[in-house]
Amino acid sequence: MIHLRDVKKSYSRGEQSVLACAVDRLDIGTGEQVALIGRSGTGKTTVLHILAGILRPDCGEIEVAGKRLDKMGESARDRHRGRNIGMVYQTFNLLQPFTALENVLLGALFGRGAGGDAKERASSLLDKVGLGDRMHHRPGELSVGQVQRVAICRALINDPQLILMDEPLGNQDKTTGGQVLDMMLQIASDTNKTVIMVTHDPESAKRMQRTVDLASLRSGVAEEAAK
Amino acid sequence: MKLVSISLRNLRIRMVATVLTMMSIIVATALYAAIVVMAEQTKARYEGSIGGFQAIAGPNGASELELVLNTVFNVGEAPGRIPLEVCQKLREPQGGRLSRTRVRYAIPQARGDSISRFNFPVVATLDEMFHKFEWKREPLKFAEGGAFEFSWDELIVMSKALAAYQNAVREEAENVPPRPLLKEKWKEAVVGSRVARQLNLELGSTVTPLHGKLGEFGTHEHEEAACAVVGILEPTNSPIDSTIYLPLGIHLLIADHSQGVFLKKPERGKSPVQVEDQPADPMRIGLTAIILDPLDHLGSHILRTEFGSHAEAQVAWPQDVVPKFLRQIGNAADALAVIAWLVLLVAAVSITVAIYNTMNERRREIAIMRSLGARRMQILTIITGEAALLSFFGAVLGLVVCHSAEFFMRALVEDLTGVYLDWSIFRPWEFWLVLGVTGIGAIAGLAPAVKGSLTQVADNLAQNY
């Protein structure tokens, strides 16, 4: 599902170049649920953005869902991301002027299209996560847990092969957030989706099938910490 | 959900800025549309209204344009008067020099009164207006009823009797003949289709002429000249529709008209007081115009020659005067249209500035959409769409404002210019105007759209607002 080889990404800070991340080799299979951990500044989010096609690495090969992202143009990467990748952020990144239902439909609009049965699918997903009576509320009118569930529905609306999560429990209480996360992981498991979650929280990492320490990927061999 | 719904939502959440920016588009569109409507309607009205009025004889001293505007288009006050004898000579088969002018008809007219708050002009004339006068080569048609009866011969008889009466009074003669009476059979009126529609007139309704125009100083109703409507003309889409025709006899015998009905002949060596002291000449009843139709080119040529050196009268040719007038209006309309386009340009710049200024606060929103898979082109489309929608709604509302203005001001405009604004017509160019303004708006939105589409996704997603 995912193959990264000799990937490096650095940023310019004035005349200085700062290495944001370096991955010699990373392979993740279809349906795997992987926690990506590492100290702050090791480039966890950068790797996630590279996998999503938001960032292009300076060098290296990236294959996601059978597509070589490093060889694709920006527009093609955007299209690929919309159709095949669902993303959940720490701050959930819902658009405030839109209702829960519309936020989920936005995912469809930029993914596989918001026509046809998209509205039914979005309603059904929101129903499934217990927001059937809140779908016409704006994010500001929802609790953090409800916003998280809307973000998850948005990530799932296009039935993506890969779900990327960036600290999805970062801003909320672990019990409620954990239950929602478990629910999502169950859905992903049932539909054989690959899930990669960036986290610095060991408790959250334990929910995943395996954990990859990003720092270890720099040495050439991924050291995996078995659960 | 579609991209356009995102554009609409973005406009809605910035409602105040949207409305303020839209105002300038509304003003520019309304202004441009109003200018084009006025120019177009004026052209159509004036070009379409001269059919029938081949030539007009009127007083010397007035411009030809004044004469045509007043006689054909009911605009402004009558520029002066000419004596009945001019008309008489034009009508005589043999006699005066002007008889050689070969005219099909010469119909006298006198105007100055009006009817109702709409200031529909009253034209006193002969029944020949409905038998001989040709509107686009056909006599005027009646939707209901028919013409009143007041012939040339009756006019002459009445004129002589009135002159005799006035002269006897002036000379303080012992046997003063009776003042001609306003016959009941003359108290009849023919009204144009618009007059009938606006005033809900039907056959038998009464119309009472006002001296001057409603609201002016000294205006009063001529109760003694209240007439019954005997005919309603079919629509001609010309100022005829807004005119009330009465027998010339009524006009002359109305109490305060008869005092100044006769024009005095200016003579060399006589002071104005001496001239005013002359006896009334029945052939010098004052008319405001004579409607003429030359028989042929030779007739036209003779008319031009004869009236070229006439002491009191001149002849105006609507076919010559109106195109010149329209060219002047066209130039003015072009200049105004340029101003309207400049206003539109300013409005377009205000769209650019308004949207551009929101780009910084929208970076995260755009980054989120990009992270969901939105391509740069889609972001470009959303922002350009905002500008286009803003302009589209502005243009549509501008046209609504223009049509509303036409509706509310049509009576005033017709009174001042003779142009009837038909507010209910949707003209094909209005579609293109909306399209053009929308296009200009979309172009105005391009700069902020490009800026928005270049938003760095990763950097802006990381921000936690």
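Two strands count as paired if DSSP finds at least two bridges between them. Helices (H or I, at least four residues) and strands (E, at least two) are DSSP runs, numbered from the N terminus. Everything below comes from a predicted model, in which local features need pLDDT of at least 70, side-chain atom pairs count only at pLDDT 80 or more, and totals for chains, interfaces and linings use all residues. Residues are numbered from 1 along each chain as its sequence is written, while chains are lettered from A and ligands numbered from 1 in the order in which they are written.

**View 1. An open sheet in chain A is built from four strands.**
The strand order is β2-β1-β4-β5, and the pairing is antiparallel. Strand β1 of chain A, residues 2-13, pairs with β2(A) over 11 bridges; I2(A), for one, has I28(A) in β2(A) as its bridge partner. β1(A) is also joined to β4(A), residues 59-64, by five bridges, again antiparallel. There, K8(A) stands opposite C59(A).

**View 2**

**View 3. Chain A and chain B meet through 24 residues of chain A and 18 residues of chain B.**
Here, contact means that the C-beta atoms of two residues, placed from the backbone, lie within 7 Å. On the chain B side, the elements giving two or more residues are α1 (3-13), α13 (363-371) and α17 (457-462). The largest share, five residues, comes from α13(B). Sorted by class, the chain B side has nine nonpolar, four polar and five charged residues. (Ala, Val, Leu, Ile, Met, Phe, Trp, Tyr, Cys and Pro count as nonpolar, Asp, Glu, Lys and Arg as charged, and the others, Gly among them, as polar.)

**View 4. Helix α13(B) is mostly covered.**
Eight of its nine residues are buried, meaning that 20 or more other C-beta atoms lie within 10 Å of a residue's own, with C-beta atoms placed from the backbone. Among the buried ones are R364(B), E365(B), I366(B) and R370(B). Just after the helix, G373(B) takes a positive phi of about 115°. Over in chain A, helix α2 (residues 74-84) has R77(A), D78(A), R81(A), G82(A) and N84(A) buried. The buried residues of α2(A) pack against α1 (44-52), β6 (85-88) and β7 (162-166) of chain A, together with α13 of chain B.

**View 5. The largest nonpolar core has 121 residues.**
Such a core is a set of buried Ala, Val, Leu, Ile, Met, Phe, Trp, Tyr and Cys residues joined through C-beta atoms within 7 Å. The members that touch the most others are L36(A), V104(A), L105(A), A122(A), C153(A) and L164(A). Which helix gives the most to this core? That's α14 of chain B (residues 376-417), with 12 residues. A second, separate core of 75 residues includes C87(B), M158(B), V191(B) and L210(B). Back at L105(A), and not counting residues up to four places away in sequence, the ones touched are A114(A), A118(A), K119(A), A122(A) and M1(B).

**View 6. Helix α12(B) packs with α2(B) and crosses α3(B).**
Axes are lines fitted to C-alpha atoms, for helices over the stretch in contact, and angles run from 0 to 180 degrees between N-to-C directions. Helices α2 (residues 15-49) and α12 (residues 318-358) of chain B pack at about 170°, with axes 9 Å apart. That makes the pair roughly antiparallel (over 145 degrees). Their contact has 24 nonpolar, five polar and two charged residues. The axes of α3(B), residues 64-73, and α12(B) come within 10 Å and cross at roughly 100°, so they are roughly perpendicular (65 to 115 degrees). Here E64(B), L65(B), V68(B) and V72(B) meet P318(B), V321(B), V322(B) and F325(B).

**View 7. S24(B) sits in helix α2 of chain B.**
Is S24(B) buried or exposed? S24(B) is buried, with 20 other C-beta atoms within 10 Å. Leaving aside neighbours within four places in sequence, S24(B) is in contact with V346(B), A347(B) and S350(B).

Key:
A residue is buried if 20 or more other C-beta atoms lie within 10 Å of its own, exposed if 12 or fewer, and partly exposed in between; C-beta atoms are placed from the backbone. Angles under 35 degrees count as roughly parallel, over 145 as roughly antiparallel, 65 to 115 as roughly perpendicular and the rest as oblique.
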